[in-house]
There are 2 protein chains.
Amino acid sequence: MEAVKVFAPASVANVAVGYDVLGFAIEQPGDNIIIRKKGNKPLHFHSLHGVGKRVPRNIEKNTAGLAALKVLEALGEKDMPLEMELHKNMRFGTGLGSSAASAVAGAMAVNELFDRPFEKKDLLPFAVAGEELADGAWHADNVAPSLLGGMVLIRDNKTLDFKKIHVPQGLYVALIFPHVQVLTSDSRAVVSEIVSLQQLVSQTGNMGAFIAGMFTSDFELIRRSLKDHVIEPQRKHLIPYYEELKEIALSSDALGFNISGAGPTMFALCANNLVAEIICDKARAFLKSKYLESDVFVSRINMEGACRC
Amino acid sequence: MEAVKVFAPASVANVAVGYDVLGFAIEQPGDNIIIRKKGNKPLHFHSLHGVGKRVPRNIEKNTAGLAALKVLEALGEKDMPLEMELHKNMRFGTGLGSSAASAVAGAMAVNELFDRPFEKKDLLPFAVAGEELADGAWHADNVAPSLLGGMVLIRDNKTLDFKKIHVPQGLYVALIFPHVQVLTSDSRAVVSEIVSLQQLVSQTGNMGAFIAGMFTSDFELIRRSLKDHVIEPQRKHLIPYYEELKEIALSSDALGFNISGAGPTMFALCANNLVAEIICDKARAFLKSKYLESDVFVSRINMEGACRC
């Protein structure tokens, strides 16, 4: 292969019951990378596009670049002359795993260029290493779904032990991204390091029930269990009109509503497309009435994850 | 129906990742109840047998009696002349849900006598009301599996929202009951009301993975996730030779090892009968070498739960 183009999608992490451990991929937006065997310089950026113009050009300081480099190192191909184009279509700080998508695209691009020496799942540690650069933490709840598609549970972030969770037919998500800035550092700082035993019992009960609901396509159980008594109460004040938007979603029959990643994007999981569309229409009108700019859109769960285009 | 006999099995609660929310039924031991339309006195005990000799004869102060009475009240048959025999084959304070089995048998007996006016699952609140008498708390993680069989997740104890969890073919359990007394009050007192966020993340990750492992018969995932970083470290010192017995079980290929309920019974979940038998043989020999009396036995997961005999 002389050149390939890949795509890695955005993702929703911290899915209600699954703080730090549960995420799913969405269809759009996402990042594209084109990689070419060309010239005589080791891996470097030929060009950065879109939001990508704001990321470091230094390969080792760039999530996509570092993830790509890690794969090259593992293949013993670090010195291969390569140029990369990053087409970054997602803003940073939306809560939709922007840096994770770049890292996944970087790892994926090299693997495709070399005709898949690694299985897709084995790219996970390389992509997490890239993501760590942006995030400062070693965790995979955005990276794993962006890479593998579907909904992914990270049993243990340290060892990257993950399991793909069955996604019932018909599941859609409404995404509401108000154009406000929530600093990840703020979003982290408000979360207490201490929880009560009762919260633990309730969160594990809901987590178990949510996973059981997914595997048995039991939408009513998903609805009852898609709750977060721990993180949401501490973070919701960082997001304007959170309670109002949640009320709009739940009264329109969403299965659940929560903060995507560290916010400010919010997501409503829905049992079908129509419910998701209605929620988006209402949320869009509501935010417009508050003179707050926003992107509001519907997505299916992206079952494929990162792919060659 | 003039008379019926029912059986309700013992159960294992607090299954590692599922403190207060996850339990499963075993085949034996269990309690039997015979109930008869006879005489002219409302529900009363004709006789108490086995360990049952030590329980209150007053119907309203007895878990089996109270559960039976609650069902009779719901049927408007409180004054029907009835006599009950309780054959109690399980000691108290073993950690195998002895009082729960009695409560389930009581509710079940009345329902069978009246030709099943309630669906089995709808007996749950009556049995929990009986169990509450012995336990002082409204929870269903022993009652639900004893009644319904299999493995049951209680999403929420308050509303008794439960879900039956798929049990993979071949799952067996080794049970080790050393004849020592662990007071439930002691067992409760040692558990801290505070946990760390990290413990919450790790416990929800393991719970999600365990449930996913059960639904997909993924024994290796079950093995990796059947862990308890929260309760076990606080309680294990109450049980003699806990660490040694755990080492015996895990080195003999158990999927996981933990305290059953509030102890002192310990259980090892196993992927087949042979592993469970080997663990029992080794544990029996070990406890004998320590001059500690014990009951050590193998069970399948009891998929039927309470039944008419």
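Me: How many helices and strands are there in chain A?
Reply: The model is predicted. Helices and strands are taken as DSSP runs. On that basis chain A has twelve strands, and its helices number ten.

Me: What radius of gyration does chain A have, against that of a compact globule?
Reply: The C-alpha trace of chain A spans about 60 × 40 × 35 Å along its principal axes. For 309 residues a compact globule would have a radius of gyration near 19 Å. Chain A agrees with this, because its own value is 19 Å.

Me: Among contacts in chain A between residues at least 6 apart in sequence, what share joins residues at least 24 apart?
Reply: A contact here requires C-beta atoms within 7 Å. Among the contacts of chain A between residues at least 6 apart, the share joining residues at least 24 apart is 73%.

Me: Which residues are in contact with B:A174, leaving aside its neighbours within four places in sequence?
Reply: B:A174 is among the residues with the most contacts inside the largest nonpolar core, which has 208 residues. With neighbours within four places left aside, the residues in contact with B:A174 are B:A249, B:F267, B:A268, B:C270, B:A276, B:I279, B:C280 and B:V298.

Me: Which helices of chain B are included in what covers the buried residues of α3(B)?
Reply: Helix α3 of chain B covers residues 124–135 and reaches 16 Å from its first C-alpha to its last. Its buried residues are B:L124, B:F126, B:A127, B:V128, B:G130, B:E131 and B:A134. What covers them includes three helices of chain B: α1 (63–74), α2 (98–113) and α4 (143–148).

Me: Which residue just after α3(B) takes a positive phi?
Reply: Helix α3(B) has twelve residues. Just after this helix, a positive phi of about 75° is taken by B:G136.

Methods. Residues are numbered from 1 along each chain as its sequence is written. Chains are lettered from A and ligands numbered from 1 in the order in which they are written. This is a predicted model: local features need pLDDT of at least 70, side-chain atom pairs count only at pLDDT 80 or more; totals for chains, interfaces and linings use all residues. Helices (H or I, at least four residues) and strands (E, at least two) are DSSP runs, numbered from the N terminus. The expected span of a helix is 1.5 Å times one less than its number of residues. A residue is buried if 20 or more other C-beta atoms lie within 10 Å of its own, exposed if 12 or fewer, and partly exposed in between; C-beta atoms are placed from the backbone. Two residues are in contact if their C-beta atoms, placed from the backbone, lie within 7 Å. The radius of gyration is taken over C-alpha atoms; the globule rule is 2.2 Å times the number of residues to the power 0.38. A nonpolar core is a set of buried Ala, Val, Leu, Ile, Met, Phe, Trp, Tyr and Cys residues joined through C-beta atoms within 7 Å.
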